[in-house]
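Here is a protein chain to go through by its labels. For each label, ask what value stands behind it.

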Amino acid sequence: MTQPAPSAQHNGPDKGALTGPADPPPSKTGGGGRPGLGLRLDVRILSLLGVLAALVLVGGITEPDAFLDTGNLQLILTQASVIGVVTVGMTFVITSGGIDLSVGAMVALASVWATTLATQEYGFAGIAFTAVVVGLAAGLVNGVLIAYGGMVPFIATLAMLASARGLALMITDGRTQIVTVDPVLSLGLPDSYFLGIPPLVIMFAAVTVIGWLILNRTTFGRRTVAVGGNAEAARLAGIDVRRQRLYLYLLSGLCCGIAAFMLIVLSGSGQNTNGNLYELDAIAAAIIGGTLLSGGRGTIVGSVLGVLIFTTITNIFALNNLQSDVQQIAKGAIIVAAVLVQRRTLRGGET
């Protein structure tokens with residue numbers, strides 16, 4: 001019988017389930033048998049925390065009254081929450097060696113479908129349920145095309161991006177759909193804050209914790225890492241690779257549905273332009289957080305820090321009335337630097 005490749009060395013006793021941790025632990029050896037990779041991962045997280053602290057310092061120096069205001073800090077966390085939920089789903093997809101270019105379009109489609117007059121007649125539950133179901137349905141289409149249709153993830157999700165945007169435009173006819181359901185709108189008001197924390201931030205925190213537990217403490221998470229590291233070895237180890245990929249794109253769609261509902265609360269409306277460029281922001285945040293674009297390693301904590309860094313940069317630039325093109329250049333420079341650090345880390349781990 002053909003023996004599994006070395007990258008499937010985490011095989012466990014239960015039908016080939018992988019038992020090694022998804023994120024390499026900070027020990028003498030990291031994941032995949034690369035010495036010190038876990039330690040370097042911790043160093044990367046500390047580096048991201050340092051960058052975030054430096055940005056807070058810059059914001060506090062340049063606009064101390066405005067940036068350090070409680071309302072502004074709440075705004076940063078709230079804005080980070082929507083794209084943060086999308087990034088959690090994206091982290092799983094990239095860890096598996098895939099990509100999802102349709103997340104922004106799925107957020108737009110879910111948000112406009114959930115805010116039609118017919119849907120709003122069912123109140124809070126109708127809007128939330130519709131947003132989640134539409135996200136799941138779009139994710140299911142992606143998953144079937146990629147896992148069972150044999151399509152390349154880039155092409156399949158690019159097609160979904162175009163189709164979902166087109167359908168969202170068709171539903172709205174180019175108009176903004178205003179939400180009139182008070183329980184939905186009230187979630188965005190200060191009266192609904194719990195100990196000064198906006199409800200959307202609490203939702204983001206819950207999704208982050210659940211995502212971390214799934215990726216690092218469950219068989220599903222270990223199988224995700226295995227598929228991204230070596231899909232053929234994972235198949236030989238007893239993992240149903242196609243089904244795993246289907247589940248991952250369903251998870252991405254679920255996160256988009258949740259994010260769509262959060263965006264509805266935040267903006268009080270549904271628009272076909274919602275979620276514009278979310279795919280780029282989510283991919284960038286995951287990459288600078290330490291998730292390998294080639295798959296095989298992912299970190300939820302790093303992705304969340306990446307989201308916070310980008311959101312803080314945007315806020316600082318807005319407060320200082322700096323041009324958006326300079327902001328995009330700064331983000332691009334951070335992405336390039338993160339990729340270069342990843343390459344140096346991998347080369348160091350192989351020596």
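This is a predicted model: local features need pLDDT of at least 70, side-chain atom pairs count only at pLDDT 80 or more; totals for chains, interfaces and linings use all residues.

Q: What makes up the protein chain in terms of helices and strands?
A: The chain has 15 helices and two strands. Both are DSSP runs, numbered from the N terminus: helices are H or I with at least four residues, strands are E with at least two.

Q: Why is cysteine 255 called buried?
A: Its relative accessible area is 5%. Buried means under 20%, exposed over 50%, and partly exposed in between, with a 1.4 Å probe and protein chains only. Cysteine 255 therefore counts as buried. Cysteine 256, at 0%, is buried too.

Q: What share of the residues of the protein chain counts as buried?
A: Of the 351 residues, 49% do.

Q: What share of the contacts with a separation of 6 or more is between residues 24 or more positions apart?
A: The share is 75%. Contact means heavy atoms within 4.5 Å.

Q: How many aromatic pairs does the structure hold?
A: Two.

Q: What makes the pair of phenylalanine 92 and phenylalanine 220 tilted?
A: The centres are 6.4 Å apart and the planes stand at 45°. Rings of Phe, Tyr and Trp (its six-membered ring) pair if their centres lie within 6.5 Å; planes under 30 degrees apart are stacked, over 60 edge-to-face, and the rest tilted. The distance meets the limit and the angle falls in the remaining class, so this pair is tilted. It links distant parts of the chain: phenylalanine 92 is in helix H3 (residues 70–95), phenylalanine 220 in helix H10 (residues 219–229), 128 residues apart.

Q: Are phenylalanine 92 and phenylalanine 220 buried or partly exposed?
A: Phenylalanine 92 is buried, at 1% relative accessibility. Phenylalanine 220 reaches 23%, so it counts as partly exposed.

Q: Why is the pair of phenylalanine 124 and phenylalanine 261 called edge-to-face?
A: The ring centres are 5.4 Å apart and the planes are at 80°, so the pair is edge-to-face. Phenylalanine 124 lies in helix H6 (residues 123–148) and phenylalanine 261 in helix H12 (residues 241–267), so the pair ties together parts 137 residues apart in sequence. Phenylalanine 124 is partly exposed at 33%, whereas phenylalanine 261 is buried at 7%.

Q: How do you know how H6 and H12 are oriented to each other?
A: They pack at an angle of about 150°, with their axes 7 Å apart. Axes are lines fitted to C-alpha atoms, for helices over the stretch in contact, and angles run from 0 to 180 degrees between N-to-C directions. Under 35 degrees counts as roughly parallel, over 145 as roughly antiparallel, 65 to 115 as roughly perpendicular, and the rest as oblique. H6 and H12 are therefore roughly antiparallel.

Q: Where is threonine 311, and what is it in contact with beyond its neighbours within four places in sequence?
A: Threonine 311 is found in helix H14 (residues 300–319). It is in contact with Ile76, Gln79 and Ala80. Those three are among the H3 residues that meet H14. Threonine 311 has 10% relative accessibility, so it counts as buried.

Q: What makes leucine 195 exposed?
A: Its relative accessible area is 72%, so leucine 195 is exposed. Leucine 195 sits in the loop between helix H8 (182–186) and helix H9 (199–217). Its phi is near 55°, a positive value in a residue other than glycine.

Q: Why is leucine 277 called partly exposed?
A: Its relative accessible area is 42%, so leucine 277 is partly exposed. Leucine 277 is in the loop between strand S2 (269–270) and helix H13 (278–289). Its phi is also positive, about 65°, although it is not a glycine.

Conventions. Residues are numbered from 1 along each chain as its sequence is written. Side-chain values use heavy atoms; hydrogens and water are left out.
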